[in-house]
Amino acid sequence: MRCVFLPWVTAAVLLLGHLRASGETRPGALPLQIINFNFETVQVTWNATEYSGANWTFFYKLRDNEDYRECSNYTLRQGSTTGCILAVEKDELLYFSIRHGTDSLLDKTQWISSYLKPRSPRGLTFQWRQGAVTVTCSDLRYRGLLYEIQHKTTFDAEWQSNEAKTCNVTLSDLDAEKCYFFRARVKTLESSYGPDTYPSDWSQVMHQQQGKLRDSCQDKRLSPNFLLITGMIVFLTVSLLFLSLWKLQRIKKVLMPSVPDPKSTFSGLFESHQGNFQEWIKDTQNVTHLNKTEEREQACILEEAVVVQLAEAERPKTMPNSPMGLQMGEEEAAGDPCRLPRQPPQGRQVASLQGFTFVMSDNSYMML
């Protein structure tokens, strides 16, 4: 057994000798945490990670005239002691010493109330009346405390707090139709216990709606007013969006008017002439002139056919050389672009009668 424990005992002795030689004071050589749980138990925890391989012992006493006794309820981590839990009944002076064998690393005396952590509130009750609720619970047996009640709805992002020196806190401006979350905790007054105390843990969250306790507030019921306001906001947003798009289109037309596509107006300009307007206009003028000439020739042919038929059907008895006949022929030639003033054929007799001119042959008459 001596061979087994000799290596780490030697290491601890060498470590303590090094600490003392370096001039470090023993009270500050070991990180320490003390928590007084509601004057029922005290937990003293130290951080010995820098002293691996050493197993520390905790000695304490609660009265000056008592002898030190070793802790009977250690907390362990990876087989090494890291703390001690003590049973207490009231605010007392705690004398303790952390040792390794007979060598003491830390000696300290402290009132345990300086590290008080109260117990969480229990048995919350709710009394609703006219938009307000009073939250009550049983007070703790010691004073110098603040009771904090927090509440929120399913629509709130953060908790709202109210505090009082007794566990009788009234919350106003509440809507009983909404579902509320409630929780409570106890804090100490710095003027009574100092700055090193701890607030209690939060109580269990409770849910209240219409003055009744509920299991949860997960089913979020939307009020008619909320639905109406939401619908109006959505409608206005959509309307403004469409109006903005319409205005944007009009502004775009004013700033950048659309340019017509010449392909639909000038047929063949790009298909046949690759955009060469001079070549295209020459080709277009030639086609138009030819079309007009052909139409005029067809009209003239039809008129001549009608004239021949009339001449054969009716043979007027006018004199071919009458002045009226010659004048009539000239007027017709001048009024009709298809007809040129006809010259009487040579070797034939011409007669004019009442503005009509006729050419007589052996067996027919022709009206000029």
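**A tour of the disulfides**

Counting bonded cysteines along the protein chain, the disulfides (pairs of cysteine sulfur atoms within 2.5 Å) follow the pattern 1-2, 3-4, 5-6, and the structure holds 3 of them. This is a predicted model, in which local features need pLDDT of at least 70 and side-chain atom pairs count only at pLDDT 80 or more, while totals for chains, interfaces and linings use all residues. Residues are numbered from 1 along each chain as its sequence is written, and side-chain values use heavy atoms, with hydrogens and water left out.

Select C71 and C84, which are joined with an S to S distance of 1.9 Å. The pair links distant parts of the chain, 13 residues apart, with C71 in the loop between strand 4 (69–70) and strand 5 (74–77) and C84 in strand 6 (residues 80–87); strands (E, at least two residues) and helices (H or I, at least four) are DSSP runs, numbered from the N terminus. The link is right-handed, with 100° about the S-S bond, and both cysteines are buried (under 20% relative accessible area, with exposed over 50% and partly exposed in between, for a 1.4 Å probe and protein chains only).

C137 counts as buried at 14% relative accessibility, as does C167 at 3%.

Finally, select C179 and C217, joined at an S to S distance of 1.7 Å. Their S-S torsion is about -65°, so this disulfide is left-handed.
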